[in-house]
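Work through the exercises below with the model open. Try each task before reading its solution.

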Amino acid sequence: MTKHILCAVDLTHDGDARAILVESGRLADFYGARLSVITVLPDYGSSWVGTFFKEGAMKEAAQAASDALHEMVAGVLPERQDVRHIVDIGSAYEKVLEVVEKIGADMVVVGAHRPDFKDRILGPNAARIVRNARVSVLVIRLG
């Protein structure tokens, strides 16, 4: 039985993120499960590109992402008051997999678009999560 669902959203794709949240909320209701929502920001701070950002830019970006995530969840799932909001920085699929273990989630919900040629070579985040997760993964097909 599913007891804790981790929903992974990309805040830069608002409509898709909302659709994934709706399905995750339905699943959490169906199973009577706890719901956590994660978004992952790319880490520019540790690369050469990071030298062009002012000190504290990543902290500000993480706070803005947290605010946006809270606002989105409240707007999409207003009846759910117990949602855990998580903002992490790094590689999306690696952070999602780390958080699954850290919080003890037993299902992950991610979205995926129809793969194009570059995705078949590099592998999108959803595919990497599916391949490497130790728990069930539900992929919501988008677009």
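**Exercise 1. The largest pocket**

Which element supplies the largest share of the lining of the largest pocket? Work from the predicted model.

Solution. 
Step 1. Start with the space itself: the largest pocket has a volume of about 790 Å³.
Step 2. Collect the lining. It holds 32 residues. Asp10, Ala92, Gly111, Asn125 and Ala126 lie nearest the pocket centre.
Step 3. At least two lining residues each come from helix H1 (14–31), strand E2 (34–41), helix H3 (92–103), strand E4 (107–113), helix H5 (125–132) and strand E5 (136–142).
Step 4. Pick the top contributor. H5 gives the largest share, 5 residues.

**Exercise 2. The fold in outline**

Find the order in which the elements run from the N terminus.

Solution. 
Step 1. Count the elements: the chain has 5 helices and 5 strands.
Step 2. Read them off in order. The run is β-α-β-α-β-α-β-α-α-β.
Step 3. Check the range of the contacts. Among those with a separation of 6 or more, 77% join residues 24 or more positions apart.
Step 4. Of the 143 residues, 39% are buried. The accessible surface comes to about 8,600 Å², and carbon and sulfur atoms account for 53% of that area.

**Exercise 3. The nonpolar cores**

Which residues of the largest nonpolar core touch the most other members?

Solution. 
Step 1. Recall the background: in soluble globular proteins, nonpolar side chains tend to be buried together.
Step 2. Ile5, Val9, Leu21, Leu35 and Val37 touch the most other members.
Step 3. Strand E1 (4–8), H1, E2, helix H2 (57–76), E4 and E5 give two or more residues each. H1 has the largest share, 5 residues.
Step 4. Look for another core. A second, separate one has 18 residues, including Ile38, Val100, Ala126 and Ile129.
Step 5. Zoom in on Val9. Beyond four places in sequence, Val9 touches Ala17, Ile20, Leu21, Val37, Ile38, Thr39, Val40 and Leu69.

**Exercise 4. Methionine 107 and serine 136**

Is methionine 107 buried or exposed? Then classify serine 136.

Solution. 
Step 1. Methionine 107 is in strand E4, and serine 136 is in strand E5.
Step 2. Apply the cut-off. Methionine 107 has 10% relative accessibility, so this residue counts as buried, being under 20%.
Step 3. Do likewise for serine 136. Its relative accessible area is 45%, between the 20% and 50% limits, so serine 136 is partly exposed.
Step 4. List contacts beyond four places in sequence. Methionine 107 touches Thr2, His4, Ile5, Leu6, Leu27, Tyr31, Val135 and Ser136. Serine 136 contacts Asp106, Met107 and Val108.
Step 5. Compare sequence with space. Methionine 107 and leucine 138 are 31 residues apart in sequence, with C-alpha atoms 7.4 Å apart. For serine 136 and alanine 105, also 31 residues apart, the C-alpha separation is 9.5 Å.

**Exercise 5. Aspartate 82**

Where does aspartate 82 lie, and which residues does aspartate 82 touch beyond four places in sequence?

Solution. 
Step 1. Locate aspartate 82 in the loop between H2 and strand E3 (84–89).
Step 2. At 44% relative accessibility, aspartate 82 is partly exposed.
Step 3. Find the contacts: Arg34 and Leu35.
Step 4. Take the leucine 35 pair. Aspartate 82 and leucine 35 are 47 residues apart in sequence, yet 7.5 Å apart from C-alpha to C-alpha.

Key
Residues are numbered from 1 along each chain as its sequence is written. This is a predicted model: local features need pLDDT of at least 70, side-chain atom pairs count only at pLDDT 80 or more; totals for chains, interfaces and linings use all residues. Side-chain values use heavy atoms; hydrogens and water are left out. On a 1 Å grid over the protein atoms alone, a cavity is a set of points where a 1.4 Å probe fits but cannot get out, and a pocket is an open set with protein on both sides within 12 Å along at least five of seven lines; lining residues have an atom within 4 Å of a point. Grid points are joined across faces, edges and corners, and a volume is the space filled by probe spheres set on the points. Helices (H or I, at least four residues) and strands (E, at least two) are DSSP runs, numbered from the N terminus. A nonpolar core is a set of buried Ala, Val, Leu, Ile, Met, Phe, Trp, Tyr and Cys residues joined through side-chain atoms within 4.5 Å. Buried means under 20% relative accessible area, exposed over 50%, partly exposed in between (1.4 Å probe, protein chains only). Contact means heavy atoms within 4.5 Å. Accessible areas come from the Shrake-Rupley method with a 1.4 Å probe; for residues, only the protein chains shown count as cover.
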